[in-house]
Amino acid sequence: AARDGFIAHWRHNIPLLESSRTPDQRNTIRWIDIIGIAGIALEAAAHVHWAEELTSEEAKLAAGYATLELNGFPSWLSDLAKVKPGEVADVLLREIRWEFSSPEGSPHHTMESALHAGDEWMTLLSPGLLDDIEAGTVPEGVLSQVLQIVVQGIHTDRRIGFLRLGIERFEHDPTESGAMLYLAAVFCLDQV
């Protein structure tokens, strides 16, 4: 009964994501959200094809819960991303973009989780973050992390464009550190 209750709970509760919290709530997690995370984990463990049965809204809700996991992305998020990549990317990118503007010294939890989760996450997040780089909306404080994700996950069709952009940014970036980061990214993709 408890398992069924936890599973039912996650679909009927909207988690309080870090981007929606007030500053005094940033280092806490609500018990009700922990129950939601447990409910998804129980459902994913009990049903092999659980992610395939989710609606788009349920997939976004589950991805939101995944951003609250303290030890990186939960294992079930990988299954969800395979069948609902757009929904998962939307939620993760929204949280990462919020982290761009988060107060100095705030943790970049979702971005750090992506960096440590493996290549599949780099591939999923790279297109959106490359759009941000092209738009010039990535602050210098997170540029290194964003470039790492982009370089590791860049799609072949955008590689040449990024190499050109990286060289241009290297030549014109007003900060030496920013210029060096772009040069390093270009070098990682093309050592010739």
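## Aromatic pairs

The structure, a predicted model, holds two aromatic pairs, where rings of Phe, Tyr and Trp (its six-membered ring) pair if their centres lie within 6.5 Å, and planes under 30 degrees apart count as stacked, over 60 as edge-to-face and the rest as tilted. W50 and W76 form an edge-to-face pair, with 5.9 Å centre to centre and 80° between the planes. This pair links distant parts of the chain, 26 residues apart: W50 lies in the loop between α2 (31-46) and α3 (56-66), and W76 in helix α4 (residues 76-83). Helices are DSSP runs (H or I, at least four residues), numbered from the N terminus. W50 is buried at 1% relative accessibility, and W76 is buried at 5%; buried means under 20% relative accessible area, exposed over 50% and partly exposed in between (1.4 Å probe, protein chains only).

F73 and W121 form a tilted pair, 5.1 Å centre to centre with 55° between the planes. Here F73, in the loop between α3 and α4, is linked to W121 in helix α7 (residues 119-135), 48 residues apart. F73 counts as buried at 14% relative accessibility, as does W121 at 3%.

## Helix α10

Helix α10 (residues 176-189) has 14 residues. Its buried residues are G178, A179, Y182, A185, V186 and L189.

## Basis of the values

Residues are numbered from 1 along each chain as its sequence is written, and side-chain values use heavy atoms, with hydrogens and water left out. In this predicted model, local features need pLDDT of at least 70 and side-chain atom pairs count only at pLDDT 80 or more, whereas totals for chains, interfaces and linings use all residues.

Note on methods: Helix = DSSP H or I, 4+ residues; strand = E, 2+ residues; numbered from the N terminus. Expected span 1.5 Å × (residues − 1).
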